[in-house]
Amino acid sequence: MTDLNDHDDPAADPVAAAEAPVELTDAQVESWILSSRPRRGWIYRHRRGLLTLMMLLALVLVLLPSGSDMPGRELAGLGLLLAAMVIGWRLTRQTQLTLARYRQTLAAMQMRQWPAASALLGRLMSDPIDSPEMRSVVLLWLAELAGRAGRHDAAVAALDEVLSINTVAQYHQSAMAEKALALLRAHRLTDATALLDGLRSMDLVEPVASLAEVGQLYRRIQTRNYAAVIAEADALAARAREVFHPQAAHVYALIALAFEQVGNANRAQAYYECATLLMSPAELARRFSELGPLADRLAPARSPL
Amino acid sequence: MTHEQATQLVARTARRLRLARLVKALLLAAAVSAVLGLWSAALPGRPREADSMALIVAVVAWVTLSAAGTTVGRLTQAAAGYTAAGRPDLAEQALIDAAGRFTLLPANALLAVQNLAALAHEAGQYAQATVLSRFLVDQARRSRQLRRAFERPGRLLLADAELMLGRLKAAYEQLQVLYDRQHTLAEKLTLLPVASYYEAAVGWWEGLAEQAAERARLAQLLPPAQAASTLGCLALGCQHTGQFQRRDWLWRQATLLVDRADLVERLPLLDGLPPDADIRLPWKAPSSDSGENQ
């Protein structure tokens with residue numbers, strides 16, 4: 001079984017892996033979405049009842065009086081019992097396997113080991129995931145990896161799948177906010193604007209509320225509405241620090257871009273330094289391509305270590 | 001979860017695990033005996049129906065009780081989902097429910113306890129975390145499979161919780177076992193903040209300063225609170241060895257991630273770093289520092 005430890009090559013640099021690109025195609029994303037859909041068959045949905053029925057039937061076959069005219073009934077009963085054991089064992093094993101794969105993928109995502117995370121996610125999503133909560137989280141991960149691979153339309157597809165699951169409202173809200181960002185990256189401004197306006201009217205909880213604000217920020221950057229960015233820059237930066245921690249680097253960098261564009265070099269540099277204290281310019285640009293040229297115009301923070 | 005609730009939960013779980021071991025042994029013995037009876041031709045007068053019934057009862061009991069283990073797994077899955085959704089209260093409830101259920105599979109119950117210990121630790125309930133993780137370490141020693149899955153995470157959690165409670169000797173007892181072993185990346189990262197704080201607590205400044213570059217790089221992969229505390233400990237090491245530029249760089253990163261006050265509250269040693277080394281957050285800069293149009 002693919003394991004995060006399989007990727008623990010002593011010579012590999014885990015910090016470099018945290019900035020590595022992800023290789024993922026649209027076809028892979030679509031395939032993983034389909035293969036991870038929960039089983040809907042009647043037999044699977046009523047598996048526990050059917051197992052109980054099998055065992056009861058086995059009991060009846062064995063308990064039938066010896067004079068009964070049913071040759072091989074004991075064997076049939078024991079056979080049924082064996083089948084029930086095997087099926088029960090397989091179901092338990094499947095649940096344990098899914099949980100183990102989920103934990104490994106979670107660890108890889110948390111440590112930002114993107115190549116390993118992509119491989120582990122593929123294994124996890126190769127089988128049906130019955131838990132709606134777990135599947136929602138897994139699809140959000142898939143959207144994140146698709147975004148890193150530059151497959152923004154595929155990311156939108158994964159997020160649409162989350163929205164189709166009957167699950168906790170927070171997952172839907174997260175998916176909507178991430179979808180707005182993915183639409184902006186795919187330059188689908190009209191769709192993104194409609195979604196962001198819809199999010200404005202909803203009662204959002206953190207971190208989704210802040211994520212929606214990041215979506216607004218990015219939309220204003222794309223439409224060159226720098227004045228609006230600057231007007232709310234300080235409040236959003238403070239909020240991003242509390243909510244996103246190291247990922248707030250993206251917010252700081254976008255704000256730096258806005259200040260730089262209006263000619264406020266000092267403020268731009270201060271924000272850019274905060275951004276690059278947490279993340280390299282290359283990693284910032286991978287998430288928001290507009291930040292790429294900023295590294296040539298502002299000085300990133302330099303480590304003395 | 002209170003300390004008393006944690007103590008009661010581990011006592012209950014320990015009893016259930018002992019019972020599960022006994023039940024497994026009995027079921028196995030009954031099944032083996034029944035199979036031998038069915039196949040034996042040398043026992044005249046032994047009713048075959050009794051052996052068949054014994055086998056069926058043993059198997060039905062095993063399958064039913066194993067199904068309960070599936071429920072424990074599902075509750076733990078749901079708890080993982082609640083945690084990801086930022087609902088630790090629901091996650092805790094699901095895990096307490098999971099840990100309280102009877103299961104033939106000890107790994108399922110221990111996983112629930114491990115997740116509960118992590119939640120307690122995250123919530124700053126260190127006394128409860130020590131109770132739960134000590135139980136985990138004790139149970140993990142029972143088999144190789146359990147040891148592989150639960151001993152290291154249990155010891156790490158226990159070491160950190162003991163450190164937070166100021167019990168350095170107890171923390172070192174756990175760290176000593178971990179230092180002597182090979183580590184995966186995940187284990188190395190989890191050990192990093194705990195080891196760094198322990199080394200700061202005992203004043204091993206040269207070691208911290210020497211490893212500052214490598215540890216600071218790895219700290220980038222940690223969650224923010226752990227990253228900030230690691231960077232803070234490394235900054236202390238650089239301060240005590242006269243490397244002030246490095247100190248400032250590390251501490252600025254740390255205070256950019258987490259407020260100084262929160263860091264010092266969690267790790268009082270970090271109060272030894274000068275306030276003027278803290279990051280100057282741009283949104284808190286004085287209004288005269290707007291610096292428009294050079």
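Predicted model: local features only at pLDDT ≥ 70, side-chain atom pairs only at ≥ 80, totals over all residues.
Good morning. I begin inside chain B, with helix α6 (residues 144-164), where B:Glu151 and B:Arg155 sit four residues apart, about one turn of the helix. Their side chains form a salt bridge, with an N to O distance of 2.8 Å. Both B:Glu151 and B:Arg155 are buried.

A:Arg286, at 30%, counts as partly exposed.

Returning to chain B, the side chains of B:Arg101 and B:Asp97 form a salt bridge at 3.3 Å, N to O. Here B:Arg101 is partly exposed, with a relative accessible area of 36%, and B:Asp97 is likewise partly exposed, at 32%. In chain A, a network of salt bridges links A:Arg37, A:Arg135 and A:Glu161. Over all chains, the search finds 30 salt bridges.

Let me turn to chain A as a whole. It contains 17 helices and zero strands. Its C-alpha trace spans about 100 × 50 × 30 Å along the principal axes. The radius of gyration of chain A is 26 Å, whereas a compact globule of 305 residues would have one near 19 Å. Buried residues account for 50% of the chain. Of the contacts in chain A with a separation of 6 or more, 67% join residues 24 or more positions apart.

Now to the interface. Chain A and chain B bury about 5,400 Å² between them, with 65% of that area on carbon and sulfur atoms. On the side of chain A, A:Arg241, A:Leu277 and A:Leu305 lose the most area to chain B, together 14% of what that side buries. In terms of contacts, 59 residues of chain A touch 59 residues of chain B.

How many salt bridges are counted between the two chains? There are three. In one salt bridge, B:Arg217 meets A:Asp13 at 2.8 Å, N to O. Nine residue pairs are in polar contact across the interface.

Which elements of chain A give two or more residues to this side? They are α1, α4, α5, α7, α9, α13 and α15. The most comes from α5(A), with twelve residues. By class, this side of chain A has 32 nonpolar, 14 polar and 13 charged residues. Thank you.

Key
Residues numbered from 1 in each chain as written. Chains lettered and ligands numbered in written order. Heavy atoms only, no water. Contact = heavy atoms within 4.5 Å. Buried area = accessible area lost by both parts, 1.4 Å probe. Salt bridge = Lys/Arg side-chain N within 4 Å of Asp/Glu carboxyl O. Polar contact = N/O pair within 3.5 Å; in protein donor to acceptor, adjacent residues only side chain to side chain. Nonpolar A, V, L, I, M, F, W, Y, C, P; charged D, E, K, R; others polar. Rg over C-alpha atoms; globule rule 2.2 N^0.38 Å. Buried < 20%, exposed > 50% of the residue type's maximum accessible area, 1.4 Å probe, protein only.
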